[in-house]
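These are my notebook entries on a single structure.

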Amino acid sequence: GILDIMMSATLGPFKAHEEAFSVKILDPEKNPLIFSWVQALIQLPVVKQTAPPHDNYVGLLQFLKQSGFKF
């Protein structure tokens with residue numbers, strides 16, 4: 001439903017955010033239910049097809065970070 005869409009859009013690229021900003025966003029030990037939910041969502045074919053490539057997304061985030069963009 002709509003909550004799944006919001007979760008995949010918000011937390012789907014959590015690995016790219018963690019890599020770009022060197023901060024832990026989603027910890028499987030602290031939030032196992034949310035972590036497993038997000039992992040299941042990002043494995044869906046429709047999410048895989050629409051998500052930007054990981055390396056490109058990390059590069060974009062790093063560029064924005066260096067440019068002084070406030071998140």
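**Overall fold.** How many helices and how many strands does the secondary structure of the protein contain? I was working from a predicted model. I counted five helices and zero strands, and I read the order of the elements from the N terminus as α-α-α-α-α. I then took the extent of the C-alpha trace, which is about 35 × 30 × 20 Å along the principal axes. For burial, I noted that 24% of the 71 residues count as buried. I also looked up contacts with a separation of 6 or more, and residues 24 or more positions apart account for 65% of these.

**Helix α1.** Which residues of α1 are buried? I found M7, S8 and L11. Their arc around the axis is only 100°, which puts them on the same side of α1. An α-helix has 3.6 residues a turn, so residues three or four places apart point the same way. I next asked what covers these buried residues of α1, and the covering elements include α2, α3 and α4. On the face of α1 turned away from the buried side, I recorded the exposed residues I2, I5, A9 and T10.

**Helix α5.** I checked the length of α5 against expectation. At 1.5 Å a residue, its 13 residues should span 18 Å, and the end C-alpha atoms of α5 are 18 Å apart, so the two agree. After α5 comes G68, for which I noted a positive phi near 90°.

**Residue S22.** I looked for S22 in the chain and found it in the loop between α2 and α3. S22 is not a glycine, yet its phi is positive, at about 55°. Is S22 buried or exposed? The relative accessible area of S22 is 66%, and S22 therefore counts as exposed, the cut-off being over 50%.

**Largest pocket.** Rolling a probe the size of a water molecule over the atoms shows where empty space is left. I read off about 540 Å³ of space in the largest pocket. Its lining comprises 22 residues, and those closest to the pocket centre are G12, P13, I42, V47 and A51. I then listed the elements that give two or more residues to this lining: α1 (2-11), α2 (14-21), α3 (32-42), α4 (45-50) and α5 (54-66). How do the lining residues divide by type? I recorded 14 nonpolar, five polar and three charged residues in the lining of the largest pocket.

Note on methods:
Residues are numbered from 1 along each chain as its sequence is written. This is a predicted model: local features need pLDDT of at least 70, side-chain atom pairs count only at pLDDT 80 or more; totals for chains, interfaces and linings use all residues. Side-chain values use heavy atoms; hydrogens and water are left out. On a 1 Å grid over the protein atoms alone, a cavity is a set of points where a 1.4 Å probe fits but cannot get out, and a pocket is an open set with protein on both sides within 12 Å along at least five of seven lines; lining residues have an atom within 4 Å of a point. Grid points are joined across faces, edges and corners, and a volume is the space filled by probe spheres set on the points. Helices (H or I, at least four residues) and strands (E, at least two) are DSSP runs, numbered from the N terminus. Ala, Val, Leu, Ile, Met, Phe, Trp, Tyr, Cys and Pro count as nonpolar, Asp, Glu, Lys and Arg as charged, and the others, Gly among them, as polar. The expected span of a helix is 1.5 Å times one less than its number of residues. Buried means under 20% relative accessible area, exposed over 50%, partly exposed in between (1.4 Å probe, protein chains only). The arc is that of the directions from the helix axis to the C-beta atoms. Contact means heavy atoms within 4.5 Å.
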